[in-house]
Each structure stands twice: as structure tokens, then as C-alpha cells.
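This briefing is meant for a reader who is meeting the structure for the first time.

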Amino acid sequence: MRGCRELLSRRIYLVCLVAVPVLFTLFFINMMDSGLPLKVPTAVVDLDQSSLSRQITRNLASSELVSIDQKLESYHEAVDMVRKGDIFGFFMIPENFQRDAIGGRTPTITYYCNMTVFVPGTLSFKGFKTTAVTTAGGLVQTTLVNAGLPESTAGSLISPVSIQQNAIGNPWMNYNYYLTNSFVPGLIELIVMLVAAFSICDEIKRHTSRQTLRASGGSILVAIFGKLLPQTIIAIAVGVLCQSLMFGFNHFPLNNHLSHIIIAMALMVIAAQAFAVTVCCAIPNLRMALSICSLVGILAFSIAAFSYPVEQMYPSIGIFSYILPVRYYFLIYIDQALNGIPIYFSRFYYIALLVFPLVALIGLPRLKKHYLNPVYVP
Amino acid sequence: MKSIASNISSWFTSLLKVWRREFRLVFSDVGVMLFFFFLPLIYPLIYTLIYNTENVKDIPIVVVDESRTPESRTLSRMLDATEGIKVFDYASNLRDARTMMNEHECYGILQIPGDYAKKIGRGTQSVATFYSDMGLLLRYRSFVSALTDVQLALGTDIQQKELALIGLPAQSVSGAPVNSQAIMLGDPTQGFASFIIPGILVLIIQQSMVLGVTMLIGGHKERRRRNGGVDPLAVKASPSATILGKMLCYVTIYIPILFYIINIVPEIFTLPHIGELGDYIIFLIPLLIASAFFGMTLGVLVKERESSMMVVVFTSVVFLFLSGLTWPRYAMNWLWTAVSDIIPVTWGVEGFIRLNSNGSTLHEQSFSWMMLWILSGAYMILAYLVTRFDYKRKLQPQSVKN
């Protein structure tokens, strides 16, 4: 009950715990509602100006990946535009392209993609490459048919082997499914840790910790539990609300039972609080505890491997991903919501989330000592 | 006339006093020093180490080979030889392969159908199927590029042989009639660190400064609250002299840090770094000024030292997204474009990446640079208003609630 009153008395807790995650979810969903930033602004440098090169330009323009915003005269002009950031790539058709292509002198198409911004760079690369390959294929077919082969044989000769690619769970390559589903729980974890650490160590700063202990009958477990329980309830409610925004209103893929992902959220919130308690036990200083929680919370966005896989990192860095609650949440999300595989295969992730509170319990006696003798270090 | 001159000179003296006092405040505050020095020193190193392996290589896949012919084995061998894929194991059927995928032992399954070699021999198109786990888009990206390359190489190879059999001169259709060449600008290896770190560096500059500045303001408010509305450590100065003096202090402190972050860190890790040092510094000075005033403006939300972290930390993630590094700005709707326009770091990231990785000149980034100066001006006015408002408000010593 003390926790409740404290929670309500300070605006900062409520703003952080409720408003920020919900706004953040809306921000993500709204910003990336198209799933992929298609129609990357690009340009064509057509030095040939023949019927064939115009055909290629039309093919490029009909691609959903790139949008041909400019038709430029020279390489230098195009590079200048890349540097200015007006375009993310350009496709260059050399002089005498048509003549050389038909005459068998093998001209070279060159395309340039600006990889300093990954997603548009990759998309323009994909669009350009497809066009370059199909252009070559079309020319081979023409040559073969001219040489007297039947059209069907010529067709299968162009690509005798084809590897069909199936993207399980996300055939639309929707980028939003990853970003929103990793950054929102990451943010919830960060805020839950900060609020928990703040409320625990603030007592030491204000020298009210002894009164708290007295109210709980001298038991640190009861004191911390009572303090954090209202936060837990609010955070879980907010977490589920964010999930309902994603899976419910915006129909993100959820290929298994709803309860699996809700349990994961609840366990992650508790694990994040336990993490904060562990930090506070180790360093019962408001500023340091908050610093460590924000350091961990912010680095979690990178180390928990939402975009760059852990097994590719240096092992000495990648190992830190195992101490982050949100990492397990994300893996559960991939297994349960995106892939929809049986929960049996995710069992260890759930167990890992349960380990965090146990670790926190070990540290509590140390925190009790500091609660009895509060010292504030600015 | 004389009074105006003396007013101006006293304004300048107070400004210098604020400047000097702020230095003392910064260097006597461990918390602020942590943000101003430790954080910009260490964070860039940690971040780069996380991503420094750059490319996603040798992702394990399982092959279900129902053809069991030299042709099908060639296909798996060629895939194994690519940078992105490693053939981890063979499975006898799709079910077993699926179980291995569920156990997280592999991230892709290649199924080669029973008639794979037969179709190649017959001269019709043979189709193999690849199932990709979509847990991470980067893995999928590596798969796609490896599969496409193998498909093209294998295709050309078979084509040549077939044509020789038919009796056509291979010369007339030698491989491809058109070559194509892809050139990656800015990040030639397509590495992840080379892409994301230059932007993160600029973000660290702004966020560490904002954290430190808001913490100083929180400390100032705490002291005022304890001393009946007066901060014993503050210099008596007008609001304008106060904010300018503070800004000068922060910018002076940050110049060496700026040099370290934008010049030494990319050198340590040999990240893309082809611009001119002079250009970087000139370009980012308005970012420092804008960040200092931005911090002072945000200070209005901070009531005590430690709550600065609660207010500022999570904004890093939002600003990272708004800067257009992960989700390009052309794909945002008008609302988010407008919001990102008023955050200094958006322009800082955009301009710095182009200077640093694309080798652009300062002249080509004049728009971003101008925006940084405009934001500096705007936040200076806001910081002035906030500070003046704060001067007038009386802070009551807060009673400790029980």
C-alpha cells in the first residue's frame, strides 16, 4: 500500500510507466505502417539513349523497389546527388550499349547503391540486380531464338536451375514486425528497470528507508515486494496493451496461442524488476544504480541481437545477451508469434526468465543493511 | 551612453563568471563527469565491438537431398562455399529438417526434389526449394544473396554445356551478353558496423551532453530547494548571460571529445572515414551548440539530479529512429518528418554520414548545416524563456513525505 501511494504521488512514475510505452508503440506502428520503405528514390544515367536502354529504364520504373526520380546525364551528376542525399543509388547504362549487346561485345551495366543507409541501399540493390539479370536473360533468349532454337527450350536454357525462396512466417518481408516487436519490449524493460531502481534507491537518498522497513515489519522481502507490486501490475497491463495494439489492432502475425506471448511479457517485466533489484543490491546508490540500469537497458537494444545475430558477434560480447530479459522475450516472440512452433521448443527461454527473480533474492540481505543505514552519495 | 557600455561590460563579466563557475560545477560532480567524459569515451568502443564482425557469415542450413545425384551434391557444395551459408547437416526428410529448425540448430532448409538431375538432363527448368527462418532479416538477406549468386553461376555453367551439346558456338552467347557490376558506395563491404556506427557516434555526442546538462540543472534545482529558493553555487547573472556562459562551457569541454569520437574511433576500427577533419568539426559545432541549448530546454522537465536519466535515456532510441538511420526519412509520414526536423541530431547524423562515409564536401551539406544553426537559435530562445521563467518561480523546500 505504501508502494501504491508512492506511485501515485509522483507524476514521473506514471508518465514513464504508462504514457511512454503506449506512445512509443503508436509511434512505431504509425511510422512504419508500410512495412518496408519501398520506392527508394534513385536515378538512371542513360548514356546510350537507344530503344533498348529506354526499355530498361521503363522496366526499372515499373519495379516496386525503386522509383526513378531523376534521369541524369553523367556519373558525376549522379554521385553529387547521392552525396547530397537526394537519391540512394543509380543505374548506369554505358554508351553504345544496344550496339555492343547485340553485336556480342558484352557491354557492362553498372549500378551504384549507397549502403550508408542500409535498408534503402539494400532495396535499391535488389531492384537494380533483378533488372540487370532479366535484361541479360532477355538478350540471351533473343539470341538463341534467332539462332534457331524453339522458344520453350531457349526459355529453360536461360535459367536451368531455379531456387524457390520461401520466407516462413513473414513472406512480406515486413520490417515493422521486427522493429516494433523488439524495440517496444526493449523500452518497457528499460523503463521498468529505471522505475524500479529509482523507487528503491530514492528511499536511501531521502533517508526514508528505515520507515519503510518498519512498516513492513522489518522484512526486506515484504518491503521490496510491496513497493514493486503496483509497478509490476501497471507495467504488465501496459505491456499487454501494447501487445494488443500490435497483434490485435494491427494484425501482426501471431501464429500460436495468445497466452504464450502474454506470459512472456509478464515474465519479462518481473525479470526486469528483478534485474533492477539485483543492481540495487550490488550498488545501493541512486545515481549509479540508474546509470547501470540505463547502460544495460540501452545496450540491450544492440546486444540482445534484434537485428544482428548473437552467434556472429565476438563471443566475449555476445555472452552478455544472456543476461538481458528482453533477449528471451524476443526469442519467444520469434518462436511463438512469428513461427508459431510448439511451446516445447521455447521452454528454456521461459525458464531463463524465471531465473532472474531467484538471483535477486540472493542479494536482498545486503540491501537490507543499506536500508538500515542509508548513506546518500550524490 | 556610459551606462549602456557599463551594462554591456558587466553582462560580459557575468557571462565569463558563469562560464568559469560552470566549469567548476562540472568538474566537481562525478555524475556529470560520468556523462561528459566516461560515456562518450566508452560507448563508441562498446558499440563498435558489438557490430565489429560486420557481416553475417556461415549461417547453418540443413539439406534435404531427395535427388542424391552428382548434380544435387554440386548444388549443396556450391551453397556451402558461399560466404553466407554453411551446410550444417543433411536430413532424410522435411519433417526431420523442420524439427532441427525448431530446435534452433539451423536457420534454413534446402529441399532438392527427386527429379532435380533428371530435369537438368532433359533441358527443362529444375526447381529446388529453400525455406528460410525469418527470425532476423539480416540472416534472410545473407541467404538471398548467396542463393541468387549460386543460381546464376550454376545456370551459366549448365547453359554453356547445353549449348555446346546442341552445337551452337558458345562464343555467340558466351555466358551473358551483358555484364553487370554492383558498386556499393559509402560502405563497400556492406558491413553492419560501418553502416550504423557513424550515426551512433553523433547520437552519443548529443545524448551524453543532454544527460549531463539536465543533471546539472537537476542539481541546481535541488540546491535551490534546500536553500529556500537560492542556489548558493550560482553566479548572479541575467538569464541570457547564464545560458550563453553555460553553453560556452559545455562546447569547450566537448571539442576534444568531438575530436576523439569522430576522428579517433573510426580510425581504431577502420570504419569508413574519408572526409576532411576540418569539415567534420565545422559541421558539428552547431550540433554541440544546439545540443547544449536543447539540454537546457529539456531541463524544465527535470526536478532532481537523477530524474534526468528517467527523462532522457529512452529518448535515445526515439531519436535514433527519427534520424532516419534504420527507417529512411523519405518513408516517414509528415508528422514524423516534422518531429525529426526539430531534433538536432537528425541533421547531425544525416550530414555527418555523408561527410564521413560518402566523402561529401561541406558545401554539399549546407542545408543540414543551416538547419543545425537554425535549431541552435530556436533552442537558445527556448532555453532563455525557460531559464527566465525558472528565475521568477520560487522553489519551496520540499517536505519529506512519510
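Which residue in strand 4 of chain B does Gly108(B) stand opposite? In this predicted model, the residue opposite Gly108(B) is Ser132(B), in strand 4 of chain B.

**Strand 3 of chain B and its neighbours**

- Strand 4 of chain B, residues 126-133, runs antiparallel to strand 3 of chain B, and 4 bridges join the two.
- Strand 1 of chain B, which covers residues 59-65, runs parallel to strand 3 of chain B and is likewise joined to it by 4 bridges; here Val63(B) has Leu110(B) of strand 3 as its bridge partner.

**Burial of strand 3 of chain B**

- Because 5 of the 5 residues of strand 3 of chain B, residues 108-112, are buried, this strand is largely enclosed by the rest of the structure.
- Both of its faces are covered, with Gly108(B), Leu110(B) and Ile112(B) buried on one side, and Ile109(B) and Gln111(B) buried on the other.

**Where chains A and B meet**

- In the contact between the two chains, 90 residues of chain A touch 86 residues of chain B.
- On the side of chain A that touches chain B, helix 6 of chain A, residues 118-146, gives the most, with 14 residues.
- That side of chain A is made up of 57 nonpolar, 28 polar and 5 charged residues.

Technical notes. Residues numbered from 1 in each chain as written. Chains lettered and ligands numbered in written order. Predicted model: local features only at pLDDT ≥ 70, side-chain atom pairs only at ≥ 80, totals over all residues. Buried ≥ 20, exposed ≤ 12 C-beta atoms within 10 Å, placed from the backbone. Pairing = 2+ DSSP bridges. Contact = placed C-beta atoms within 7 Å. Nonpolar A, V, L, I, M, F, W, Y, C, P; charged D, E, K, R; others polar.
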